[in-house]
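Hi,

Here is the structure I promised to pass on. Have a look at it first, and my notes follow below.

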Amino acid sequence: MLLFAIILALTFISGLFLPWWVAVLIALVVAYFVKTTGSAFWSGFAGVGLAWLAFALLKTLPNDNILATRMATLFHLPHWLYLLLVTVVIGGLLGGFAALTGRLMSKAVERPQSA
């Protein structure tokens with residue numbers, strides 16, 4: 001739960017002024033340093049996916065979904081909400097795999113404890 005909250009907060013804050021790919025680096029680095037008993041993949045998936053959902057809604061709702069509707073038409077999607085779903089899934093997969101990579105990297109470099 002802590003991993004999810006940190007990834008969500010940092011991704012949302014960085015999304016205000018940094019490029020989209022910084023979310024991947026955030027998920028990777030946070031999962032590397034934060035030890036969790038939960039699933040790193042699902043924490044990264046939910047954290048980045050929800051942050052991207054929030055940004056997409058913040059951008060599309062004030063202009064009555066004009067651009068989102070046109071982009072959905074361009075991709076032959078029946079409604080702009082499908083485009084929103086695709087955005088969340090892509091962001092979630094990027095965040096999930098980055099967090100999983102960070103967690104596996106931390107497991108690979110940790111030293112075994114001697115008795």
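**What I found**

Val 89 comes out as partly exposed, because its relative accessibility is 36%. Keep in mind that this is a predicted model. Val 89 sits in helix H5, which covers residues 80–109.

Now for the inside. The largest nonpolar core is made of 14 residues. Leu 3, Ile 7, Ala 27, Val 30, Val 48 and Ala 99 are the ones with the most contacts inside that core. H2 supplies the largest share, with 6 residues.

Which residues does Ala 27 touch, once neighbours within four places in sequence are left aside? They are Ile 7, Val 48, Gly 95, Ala 98 and Ala 99. There is also another core, apart from this one, with 5 residues, including Ala 68, Ala 72, Trp 80 and Leu 84.

Next, the aromatic rings. I get a count of 7 aromatic pairs. In one of them, Trp 20 and Trp 52, the ring centres are 6.3 Å apart and the planes meet at 80°, so the pair counts as edge-to-face. This pair links distant parts of the chain: Trp 20 is in the loop between H1 and H2, while Trp 52 is in helix H3, 32 residues apart. Trp 52 is buried, because its value of 17% falls under 20%.

Phe 41 and Trp 42 form an edge-to-face pair as well, with 5.0 Å from centre to centre and 85° between the planes. Here Phe 41 counts as buried at 15% relative accessibility, whereas Trp 42 counts as exposed at 54%. Phe 41 and Trp 42 are also part of one aromatic cluster with Phe 45 and Phe 97.

Cheers

Notes: Residues are numbered from 1 along each chain as its sequence is written. This is a predicted model: local features need pLDDT of at least 70, side-chain atom pairs count only at pLDDT 80 or more; totals for chains, interfaces and linings use all residues. Side-chain values use heavy atoms; hydrogens and water are left out. Helices (H or I, at least four residues) and strands (E, at least two) are DSSP runs, numbered from the N terminus. Buried means under 20% relative accessible area, exposed over 50%, partly exposed in between (1.4 Å probe, protein chains only). A nonpolar core is a set of buried Ala, Val, Leu, Ile, Met, Phe, Trp, Tyr and Cys residues joined through side-chain atoms within 4.5 Å. Contact means heavy atoms within 4.5 Å. Rings of Phe, Tyr and Trp (its six-membered ring) pair if their centres lie within 6.5 Å; planes under 30 degrees apart count as stacked, over 60 as edge-to-face and the rest as tilted.
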